[in-house]
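Open the model in your viewer with the sequence panel beside it. The stops below say what to select and what is there.

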Amino acid sequence: MSRWLASFFILIIISGCILHFSVESPWLSWIGKLPGDLLIKKGTINLYLPLMSSLIISIVFLMITGYLLVHAIQILLDTNRHRTPHIIALWAAMVAVLVNVAMYAYARCVANETNSPMVRTLAKHSKSDAVASAVVGGGIVGAHYLGLTWLDVVVAIFEAFDLLYLGGQIFWD
């Protein structure tokens, strides 16, 4: 599972680089130009709302998260596939907790200074990511040090449900 997840995140990073550096490419030209995407121009102000593109991308992410959930459940049901995660995963979870706590503190400070609901939402998101990373770290500790190899898989299922819930909220909003 860890190789698959690492490959998945590498694929996301590569996809992000491709999107960033080749926005003008013909096979990506549909992004932002679908019938439901809005572009409003008033004088010197341009308002761009890629509603349909965002909807399609969120559906794709929901499908990927659903696949991760099914895969984690299959591993949970097949005890021969339970493996202890490498200790580097614990370090990654601890770094993620620290970074997200720092981002939460900074965004909360900025939200209080600017009275911005958007930045306040960003702060809540960073706090949620810090909690999720801490839970993942707990699952890794339980699997690695306590011999509860199934705990890592249960945490993966919990996180997949959390992502499906958040993705559903974003989809409906």
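**Stop 1: the H3 and H4 pair**

H3 passes H4 in a left-handed crossing; a crossing is left-handed if the near helix is turned anticlockwise from the far one by less than a right angle, and right-handed if clockwise. Before going further, note that this is a predicted model, in which local features need pLDDT of at least 70, side-chain atom pairs count only at pLDDT 80 or more, and totals for chains, interfaces and linings use all residues. Residues are numbered from 1 along each chain as its sequence is written, and side-chain values use heavy atoms, with hydrogens and water left out.

Select residues 87–114 for helix H3 and residues 117–145 for helix H4. Helices (H or I, at least four residues) and strands (E, at least two) are DSSP runs, numbered from the N terminus. Two packed helices are described by the angle between their axes and the distance between the axes. Here the angle is about 160° and the axes of H3 and H4 are 8 Å apart. Axes are lines fitted to C-alpha atoms, for helices over the stretch in contact, and angles run from 0 to 180 degrees between N-to-C directions. H3 and H4 are therefore roughly antiparallel to each other; the cut-offs are under 35 degrees for roughly parallel, over 145 for roughly antiparallel, 65 to 115 for roughly perpendicular, and oblique for the rest.

**Stop 2: along H3**

Keep H3 selected. Its 28 residues should span 40 Å at 1.5 Å a residue, and its end C-alpha atoms are 41 Å apart, which agrees. The expected span of a helix is 1.5 Å times one less than its number of residues.

Which residues of H3 are buried? They are Leu90, Ala93, Asn100, Ala107 and Ala111. Buried means under 20% relative accessible area, exposed over 50%, and partly exposed in between (1.4 Å probe, protein chains only). What covers the buried residues of H3 includes H4.

Now pick Arg108, which lies in H3. At 42% relative accessibility, Arg108 counts as partly exposed. Ala123 is one of the buried residues of H4.

**Stop 3**

Move to Asn115, in the loop between H3 and H4. Most residues other than glycine have a negative phi, and most peptide bonds are trans. Asn115 has a positive phi of about 55° although it is not a glycine. Asn115 is exposed, with a relative accessible area of 58%.

**Stop 4: along H4**

Go on into H4. At 1.5 Å a residue its 29 residues should span 42 Å, and the end C-alpha atoms of H4 are 42 Å apart, which agrees. Its buried residues are Ala123, Ser126, Ala130, Ala132, Ser133, Gly137, Gly139, Ile140, Gly142 and Ala143.

Select Val119, in H4. What does Val119 touch, leaving aside its neighbours within four places in sequence? Val119 is in contact with Ala107, Val110 and Ala111; contact means heavy atoms within 4.5 Å. Of these, Ala107 and Ala111 are among the buried residues of H3. The C-alpha atoms of Val119 and Tyr106 are separated by 9.9 Å, and the two residues are 13 apart along the chain.

Next select Val135, also placed in H4. Val135 counts as partly exposed, at 30% relative accessibility. The C-alpha atoms of Val135 and Ala93, 42 residues apart along the chain, are separated by 8.8 Å. Not counting residues up to four places away in sequence, Val135 touches Val155, Phe158 and Glu159.

H4 is followed by Gly147, whose phi is positive, near 75°.

**Stop 5: H2**

Select residues 51–77, helix H2. H2 has 27 residues and reaches 39 Å from its first C-alpha to its last, close to the 39 Å expected at 1.5 Å a residue. Ser53, Ser58, Thr65, Leu68, Leu69, His71, Ala72 and Ile75 are the buried residues of H2.

Centre on Thr65. It counts as buried at 10% relative accessibility. Thr65 touches Ala160, Leu163 and Leu164, not counting residues up to four places away in sequence.

**Stop 6: the whole chain**

Clear the selection and zoom out. The chain has five helices and two strands, in the pattern α-β-β-α-α-α-α along the sequence. Of its 173 residues, 23% are buried. Residues 24 or more positions apart account for 52% of the contacts with a separation of 6 or more.
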